[in-house]
Amino acid sequence: MKLYQRLHPGVNLGPTDPESHEEAEEKIFGFWIFLMSDLVLFSVLFATYAAMSIQGVAQGPSPKDIFDLSPVFLETMVLLASSFTFGLAILELKYRKNQRRLALWLTLTGLLGALFVGLELNDYRILLAEHGAAPQTSGFLSAYYLLTGTHALHVSVAIIWLIVLAVQLATLGPVGPVKLRLMRLALFWHMLDIIWIGIFTFVYLYGVVL
Amino acid sequence: MFGRLTWDSLVFSGAIENPSASEFVASGAGSVVVLGGIALFILLAVMKWWRPLWTDWLTSVDHKKVGIMYIVLAIVMFLRAVIEAAVMRSQQLAAYDGAGYLSADHFGQLFTTHGTIMIFFVAMPFITGLMNYVMPLQIGARDVSFPRLNAISLMLTVAGAILVMISLVVGKFSTGGWTAYPPYTGIEFSPGEGVDYWIWAVTLGSIGSTLTGINFAVTIYKKRCPGMNLFRMPMFTWTTLCTSILMIFAMAPLTAASLMLALDRYADFHFFTNGDGGNMMNFANLFWLFGHPEVYILVLPAFGVWSEVVSTFSGKRIYGYTSLVCATMCIAVFSFCVWLHHFFTMGQSAGVNAAFGIATMLIGIPTGVKIYDWMLTMYRGRIRFTVPMLFHINFLFMFVLGGSTGILLANPTIDFQVHNSLFLVAHFHNVIIPGVLFGMFAAVQFWFPKAFGFRLHEGLGRKAFWFLAPGFVLAFFPLYWIGMMGATRRTATWADPAYHIWFAIAMLGAAMILAGTALLIAQVVVSVKRRKELAVPLGDPWDGRSLEWSIPAPAPSWNFAVVPTVFSQDAFDAAKCNGTAYQAPAKYEDIHVPRNSAIAPLIGLFACASAFGLIWHIWWLAIIGFVMVWAVVIVSSFNLDTEETIPADVVRAQNEAFLEAVRNAPGVTRDDETSSANQGKAVPERHENRFAQNMKGNMTEATT
């Protein structure tokens, strides 16, 4: 097998030996498998929400009563944009290697992520203040807060991870292990995007229609 | 400051304030934990073992040492859980015409901790430890893919086990059974700390297992030595792969279910409550979405062990390798399609029950394939009745019996009669004990010489077997009878005099199991004392077939001086037959091994502290512990210098000395393998025949 065939399509570790590439592949592959198990967690939460959004409403409000699509649409756009800027950051890391532009894209990604979490917290505030819809109100709301909250928690963790990696880029430089960590964070970030699409469709669009 | 924790939480205060037999038993158990801890502390201090314990073991990231630590944990927890079992049996015997000596609440804690420990802190660490030790050696790898993650998995499991041990001294454990079904385990019916102990112990263990699954799957996919394609992997490695995949998919539902239960209890959510839209059936779904694959997580590695044992001690390559692989994969897939049989009686339609009943019965087919393959491996083999082989033959009979009662239970109409009775208890002990537990005992007998460089005493092992195997039959078969007669599980007292004789027989069986366990411990002690005459430094005491037997015993920290290349199944056996074994490599290279690291024990410590804070509502401890776990992760990620190099000369010196010793050793035939003549160099049995047989086997496979 030729060297270029053995390169991981997403990683560019620069001029280096095949062993390093193989090692990199192992780490990225391991992370893919971790993402799979994380997806199982989310699918369990989705299934729980699916049951409870219909049968667990009890005396509380139903999905139709409380969901407002416009802020959620804005959140979706913000999160998609953050995934896009992260993609630009990775391209920068792979092809152009301009440290300042890399830093710029990463900062933008982090800010968009933070904006997303902020908007979602604002959603929660509105739910609590205007609809009295707390997680303690009904099984449906427990499941709703757990599903969206777990997603928001993942995004928050990813932001902290991004900050740590930014510090590592500044102190350790763009060395192999740090690049690989950025790659893995990118995978994580895109996965959260995909999960959000699921939430947007299944929780919000579906919830408002039914 | 200390949340709900008060002096009254200590188990000893119960015995002082409210003296009764039940409280004395509880205090006694608590004292054992405290005194045992103190004794261990003093022993380590007197022998000056603290430093080696820390530098050689706790901070080690070597997969072999991590594996051994897992198994030590499993054995310690096994001793507790098997004693609890005997206490429960004696209570049920004593409860004839009276209340016995344990309170119902105490009995509830006993069966809950017994189940929780046996599944999460005995069986899981046992199989994980074994997979850790054996699998990388079988695939010719230097290490697992993520050595530090491996150590972290271990320490998270240890943290969970420590919580269960703490519950003997501080506060009470849950009384809700190992499945912790709400609404009983909800805050309304179980307001104390018991269920919280269950939640956090199990959550820590299951996170550890998820990480283990990821680590092993990647290791098997990416770290096989040259030539080791998937269909040349030893059966144990195959079962490890399937188990790892099950772990990756099955542990997440458990984590989700236990955290939802925690949210119900701590934050007044309504996932599983009676009112306000809660749905406790969803807990049953989530729990068994984990729980059913879990039994295959446990039994598949044991199946791998049986495959290795039967082929080695029959001196034949395993019969029907491909069918065994397919059967293993089928079982792994089916295991996700049957979870609903755990609640046939909870009100779903007959159609749903029938579908899950049929799916459950289907698992019998691939399992039957395996049984026939093992039997046919023995056919025309030269069978040596060593201790692992005795366990294997016992397993064939007992597992088929246990499996048959499983098929009975898979029929919803029969299940309606016997669910929640001792018949069910008899069934799952009948599969788990001969299948998993005895499998692990056999594995220890089999691989112990590889791990420590000397064999275990054969005679004491046999004696232990002759207590354990009949003891198991006496302890559990009576439960089928009284289960059919209507005795329910988890019941501390009973009134029907017809049960008495059966409980008495079961008690006798429990006593024999305890005696067998004591003999196993005696076996290890005696073997350590006589380790000189039992030594097998040359590493191949049983005429082994896969790569782990080709290296010295105990295995060096780098496993293989030079990464081997394989050309067939049973690679080491093939090398011995065609005379290419023990060849000196042309060239040695520097070997990079991961450096010891304190992050795993620190993470375990802080996770344990955080969970303890959560259990007792000591919020500052919970928060500090949690933050510290992640602080350790983040700070250590700044250190990129995690490997050390073993110079080629060191490797050369050790390996050449080993090869020299092998060359000069006389070798031992199978007749003498249990004698002190066995130094770990095997004279391959009937050399010509076996080579021909191997070739024939390969050709048959190629044509089919």
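Let's start at the interface: between chain B and chain A the rule finds ten residue pairs in polar contact, both residues at pLDDT 80 or more. A polar contact here is a pair of N or O atoms within 3.5 Å; within protein, one must be able to donate a hydrogen and the other to accept it, and residues adjacent in sequence count only if both atoms are side-chain atoms. On the side of chain B that touches chain A, H8(B) gives the largest share, eight residues. By type, that side of chain B divides into 19 nonpolar, eight polar and four charged residues. Nonpolar means Ala, Val, Leu, Ile, Met, Phe, Trp, Tyr, Cys and Pro, charged means Asp, Glu, Lys and Arg, and the others, Gly among them, are polar.

Quick housekeeping: this is a predicted model, where local features need pLDDT of at least 70, side-chain atom pairs count only at pLDDT 80 or more, and totals for chains, interfaces and linings use all residues. Residues are numbered from 1 along each chain as its sequence is written, chains are lettered from A and ligands numbered from 1 in the order in which they are written, and side-chain values use heavy atoms, with hydrogens and water left out. pLDDT is the predictor's confidence in each residue, from 0 to 100, and chain B averages 94. The model scores ipTM 0.93 and pTM 0.95.

Now, how many salt bridges run between chain B and chain A? The count is two. A salt bridge means a side-chain nitrogen of Lys or Arg within 4 Å of a carboxyl oxygen of Asp or Glu. In one salt bridge, B:Lys223 meets A:Glu26 at 3.2 Å, N to O.

Over all chains there are 17 salt bridges. Take B:Arg595, which pairs with B:Asp641, closest N and O atoms 3.2 Å apart. B:Arg595 lies in the loop between strand E1 (591-594) and helix H19 (599-615) of chain B and B:Asp641 in the loop between H20 and strand E2 (643-646), so the pair ties together parts 46 residues apart in sequence. Helices (H or I, at least four residues) and strands (E, at least two) are DSSP runs, numbered from the N terminus.

B:Arg595 also meets B:Glu644 in a salt bridge, at 3.9 Å, N to O. Are these side chains buried or exposed? B:Arg595 counts as partly exposed at 32% relative accessibility, and so does B:Glu644 at 35%. Buried is under 20% relative accessible area, exposed over 50%, partly exposed in between (1.4 Å probe, protein chains only).
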